[in-house]
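Hi,

Here is the model I promised to pass on.

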Amino acid sequence: MLYTFGELFLMLVVILVAAEIFTNALEHLGQKLNISEGVTGSVFAAVGTALPETLVPILAIMGGTANASVNHEIGVGAILGAPLMLATLSTSLMGLSVLRARGHTGHIRPERSGFLRDINFFLCAYTLSALAMFIPHEGGLEALRAVISGVLVLLYFFYILLTLRASSHLVDQGHATEAEGEMFLQKLGLKVSLATILVQIAIGLGLLVAGAKGFIHGVEDASRLLGITPLLLSLMIIPIATELPEKINSILWVRKGKDTLAFGNITGAMVFQGTLLPAIGIALTPWTLRAEVLAGLTFTLAAALWLRITVTRKGGIRVWHLMVNGALYAGYLVLALSL
């Protein structure tokens, strides 16, 4: 047991260090390319910090362990658990981090058009992913599942296109990306250039791959020791271990008043993980409905819809609104553990 949880902790440290290296390089890339905070947060930072959760299900589905059933359960759990954690726990922790400074009625003000674009795409994609679970594998309906998988991929590329098209206008409005502090490689005496930025990105990516691969084996062993299914463990543990540390970036950004970057890092990752990863799950796993899965889907959509409602209300998002998302996560845990 000590070895298993020691391995999980070590992989968590690797993932955390990798995310810091990766995100630091992405900020400098956004500044160098003169793109908006929306693109840097919702695309570059979101995809970069979502890589661990992306790699875990992909590597698991493709043969992370010798047991195909376990592989599928880890994969599906990681795919569906990450958006749940992002929409609930991550957003509430971001709110808690500024509760003292802004008060429970204080505002969090991400750039509105980009925020709505992220949430709308996520709600659309995640609803399609949920509907795919109700489509049987027999009766000639397999093609419909394949169509939904393809639509999810196209949705993400359309989302990227719209986000990039809005960038120049947002830069003109004062939403350009500004890097905080030096790039890590600068501390080794290297100058900031596109080449050194890409080298630091590659270093971060390599560490993310190593951390994600090691985590898969730890999850299988931990599920046996704790006496719960790999699916349930993956729904609850993998997203927290691989996603939550990276969302420290969102906490740091919101405490500095960079609300667009902070929320974009979360909502952009939600879009990424609500489109491409479910597309992979639908195509390569049974993708069938179970009680734990239905609970996760329901709470995730409820949390995302709540964010959509609050940003369109008069006054926008307030700190206490994000506490509701945290309560939804607590409710999900109670329900999932009682199933």
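Below is what I found in it, starting with the ground rules.

This is a predicted model, so to speak of local features I needed pLDDT of at least 70, and side-chain atom pairs count only at pLDDT 80 or more, while totals for chains, interfaces and linings use all residues. Residues are numbered from 1 along each chain as its sequence is written, and side-chain values use heavy atoms, with hydrogens and water left out.

First, the overall picture. The chain has 13 helices and zero strands; helices (H or I, at least four residues) and strands (E, at least two) are DSSP runs, numbered from the N terminus. Of its 339 residues, 56% are buried, where buried means under 20% relative accessible area, exposed over 50% and partly exposed in between (1.4 Å probe, protein chains only). Among contacts (heavy atoms within 4.5 Å) with a separation of 6 or more, 83% join residues 24 or more positions apart.

Now the core. A nonpolar core here is a set of buried Ala, Val, Leu, Ile, Met, Phe, Trp, Tyr and Cys residues joined through side-chain atoms within 4.5 Å. The largest one has 66 residues, and Leu80, Ile108, Phe263, Met270 and Trp287 touch the most other members. Helices that each supply at least two residues to this core include H2 (37-61), H3 (68-97) and H10 (248-255). H11 gives the largest share, 12 residues. Another core, of 12 residues, lies apart from it, with Ala18, Ala25, Leu29 and Met183 among its members.

H11 also turns up in two of the helix pairs I looked at. Axes are lines fitted to C-alpha atoms, for helices over the stretch in contact, and angles run from 0 to 180 degrees between N-to-C directions. Under 35 degrees counts as roughly parallel, over 145 as roughly antiparallel, 65 to 115 as roughly perpendicular and the rest as oblique.

- H5 (residues 112-132) packs on H11 (residues 259-284) at about 25°, with the axes 9 Å apart. That makes H5 roughly parallel to H11. Their crossing is left-handed, meaning that the near helix is turned anticlockwise from the far one by less than a right angle (clockwise would be right-handed). Contact residues include Phe115, Phe122 and Tyr126 of H5 and Phe263, Met270 and Val271 of H11.
- H6 and H11 pack at about 155°, with axes 8 Å apart, and are therefore roughly antiparallel. This crossing is left-handed too. Among the residues in contact are Leu152, Tyr156 and Tyr159 of H6 and Gly268, Gly274 and Ala279 of H11. By class, there are 13 nonpolar, four polar and one charged; Ala, Val, Leu, Ile, Met, Phe, Trp, Tyr, Cys and Pro count as nonpolar, Asp, Glu, Lys and Arg as charged, and the others, Gly among them, as polar.

Towards the end of the chain, H12 and H13 pack at about 175°, with axes 10 Å apart. That makes H12 roughly antiparallel to H13. Phe299, Trp306 and Leu307 are among the H12 residues that meet H13, whose side includes Trp320, Leu328 and Tyr332. The contact divides into 12 nonpolar, five polar and one charged.

Trp287 has a positive phi of about 50° although it is not a glycine, and it is buried, with a relative accessible area of 1%.

Cheers
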